[in-house]
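Please have the sequence and the 3D view open while reading.

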Amino acid sequence: MMEGDWIMRIQIAHIGINIDNENELKKAVSFFHDVLGMETHEREDCIFMNTCIELMKGKGPGEKGHIAFAVDNIEETIHILEKEGTVFAYENFKYDEKGRISAAYFKDEAVGFAVHLIPGK
């Protein structure tokens, strides 16, 4: 079993939602902006609502989307989770310009959502 203080260092960074048509994307943006007052930050492949919701323009990771968890030390977290039996999809890892892990994807989805770790801030 993992130690309690380690578990507390994981927090949800953002949730990505796969949206496969323009009309649904507009509805989602409208809801998060107009109803909840979130700011829109558009990128080529997605629209972030504040920093907590990522609306994917089309099929992103996972059947329904993805959940990103921020961790204090991504390499240490991967090591601990692998010791506990978690399998990572190394072929889907992303790296920054300095070669550091920027996203570490789990091999299996959780209820239709891809899960990945990102470095905490």
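Glutamate 42 and lysine 57 form a salt bridge, with their closest N and O atoms 2.6 Å apart. This pair links distant parts of the chain: glutamate 42 lies in strand S2 (residues 40-42) and lysine 57 in strand S4 (residues 53-57), 15 residues apart. The model is a predicted one.

Glutamate 42 counts as exposed because its relative accessibility is 55%, and the cut-off for exposed is over 50%. Lysine 57, with a relative accessible area of 33%, is partly exposed.

## The other salt bridges

How many salt bridges does a search of the whole structure find? The search finds three.

One of them joins the side chains of lysine 27 and glutamate 24, at 3.2 Å from N to O. These two residues are three apart in helix H2 (residues 22-35), so about one helical turn separates them. Lysine 27 is partly exposed at 47% relative accessibility, and glutamate 24 is partly exposed at 36%.

Aspartate 96 and arginine 100 also form a salt bridge, and their closest N and O atoms are 2.9 Å apart. Aspartate 96 is partly exposed, with 23% relative accessibility; arginine 100 is partly exposed, with a relative accessible area of 43%.

Strand S5 (residues 65-71) is mostly covered, with six of its seven residues buried.

S5 pairs with strand S1 (residues 11-19) in the antiparallel sense over six bridges. In this pairing, alanine 70 of S5 is the bridge partner of glutamine 11. With strand S8 (residues 113-119), S5 pairs in the parallel sense over seven bridges. Here proline 119 of S8 is the bridge partner of valine 71.

Key
Residues numbered from 1 in each chain as written. Predicted model: local features only at pLDDT ≥ 70, side-chain atom pairs only at ≥ 80, totals over all residues. Heavy atoms only, no water. Buried < 20%, exposed > 50% of the residue type's maximum accessible area, 1.4 Å probe, protein only. Helix = DSSP H or I, 4+ residues; strand = E, 2+ residues; numbered from the N terminus. Pairing = 2+ DSSP bridges. Salt bridge = Lys/Arg side-chain N within 4 Å of Asp/Glu carboxyl O.
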